[in-house]
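Here is a protein model to read slowly, with a set of questions that ask what stands behind each term. Please look at the sequence and the structure before going on.

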Amino acid sequence: MLKVYAVENLRSGMRVGRDIMDENDQILIGTGTNLTKEMIYGLLDRPIFAVYIDEEETHGEIPGKEHLLDDSYTSCYNEVYDKLSVLFTGLAERGEFNAADLQSIMDEKNFTELSDGAKAVSQIHNMEQSGSYLIHHCLHVGILAGLMAKWMGMSVLDQYNLVIAGLFLDIGKLRVPREILEKHSSLTDSEFEMVKKHAQFGYDMLSQTTMNANQDIMQGVLQHHERCDGSGYPNGLKGDKISKFGKILAILDIYDAMASDRVFAKRKSPFDVFSTLYDDILDGKLDTEYGVLFIKHLCHALNGNWVGLSNGDKGRIVYLDESRVRSLPVVQTAGGEFIDLGQRRDIKVTCILTANEVMV
């Protein structure tokens with residue numbers, strides 16, 4: 001039987017079920033071809049999002065379930081998480097900072113693996129994550145920063161610096177009382193004012209380290225809650241007064257915060273998050289260039305992800321029109337049905353599912 005796989009989820013040895021066409025409607029890879037790694041890498045560089053694969057009957061099993069979690073990615077993520085935890089604790093509790101420890105985290109192998117655009121977005125959503133939400137969030141933003149830097153064509157040095165700024169953007173929250181950060185009900189005005197100080201707290205903490213010499217990193221951490229219309233904090237900066245890193249990290253911070261489970265809020269559909277981001281772009285709060293670029297590229301990265309649907313079904317994203325910022329996906333349900341959510345407005349994506357949730 002034929003099943004649709006997002007290009008990111010293809011594996012060598014899979015048998016092509018329908019001709020794969022190029023941009024000029026010429027046959028790129030013919031029906032019956034067994035895919036090789038080289039062929040898959042070639043497809044990743046083209047505007048091709050899904051491929052029909054010829055498979056034997058799986059008797060109702062979830063297609064592609066064996067590829068939901070990548071062991072090497074998960075292992076690398078957990079290793080970096082542990083190292084970042086030690087670095088945060090040392091800096092917050094003892095004022096200690098070892099540049100060699102940061103270099104170990106920023107090892108080229110680590111972020112080549114973690115910021116691999118073909119799987120990074122799906123993996124950070126698919127993993128069940130225990131431990132500190134704060135550190136997971138900072139690591140997610142660091143990973144997204146690595147992706148964004150590549151999408152923007154930044155120099156290797158700027159990529160490196162943007163990732164570091166992402167990793168440390170919320171370290172100042174370690175100076176905010178835990179009972180405020182983990183409060184389930186609405187914050188009082190005074191509690192919210194305390195939370196808003198975390199950007200300055202983080203800047204002050206990093207000022208005592210060797211990172212103080214790198215103003216790109218420092219301004220990114222300080223300004224990730226500034227907004228282009230002046231409505232942000234801590235300094236109410238507007239437009240060009242906000243650094244490039246500050247503008248970029250604002251977008252990545254909002255996306256991951258809304259798309260992840262928090263103590264006081266359940267994760268949202270990425271498409272609801274995109275809608276929020278785009279509204280903020282139209283309202284002049286977020287940078288238009290960076291915001292639209294992020295949404296379009298992340299849409300592509302979501303291909304192949306399993307999502308929960310509002311009708312109770314599970315579906316895998318098989319197509320997204322990246323030319324439209326508010327595009328909704330075509331999904332294939334576990335039962336094999338294709339649903340175009342752009343046409344079926346009675347069904348919505350509720351969230352990206354973890355691997356465990358897909359298998360239940």
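This is a predicted model: local features need pLDDT of at least 70, side-chain atom pairs count only at pLDDT 80 or more; totals for chains, interfaces and linings use all residues.

Q: What makes β5 and β6 a pair of strands?
A: Two strands pair if there are at least two bridges between them. β5 (residues 306-309) and β6 (residues 314-319) are joined over three bridges in the antiparallel sense, so they meet the definition. Trp306 has Arg316 in β6 as its bridge partner, and in the hairpin of these two strands, with four residues between them, Gly312 takes a positive phi near 95 degrees.

Q: Why do β5 and β9 count as paired?
A: Three bridges join β5 to β9 (residues 349-352), and because at least two are needed, these antiparallel strands pair. In β9, Ile352 is the bridge partner of Val307.

Q: Why is β5 said to be covered on both faces?
A: Trp306 and Gly308 on one side, and Val307 and Leu309 on the other, are all buried, which means that each has under 20% relative accessible area, and therefore both faces are covered.

Q: What makes Leu144 a contact of Tyr255?
A: Contact means heavy atoms within 4.5 Å, and Tyr255 is in contact with Leu144, as well as with others, among them Phe294 and Ile352.

Technical notes:
Residues are numbered from 1 along each chain as its sequence is written. Side-chain values use heavy atoms; hydrogens and water are left out. Buried means under 20% relative accessible area, exposed over 50%, partly exposed in between (1.4 Å probe, protein chains only). Lists of a residue's contacts leave out its neighbours within four places in sequence.
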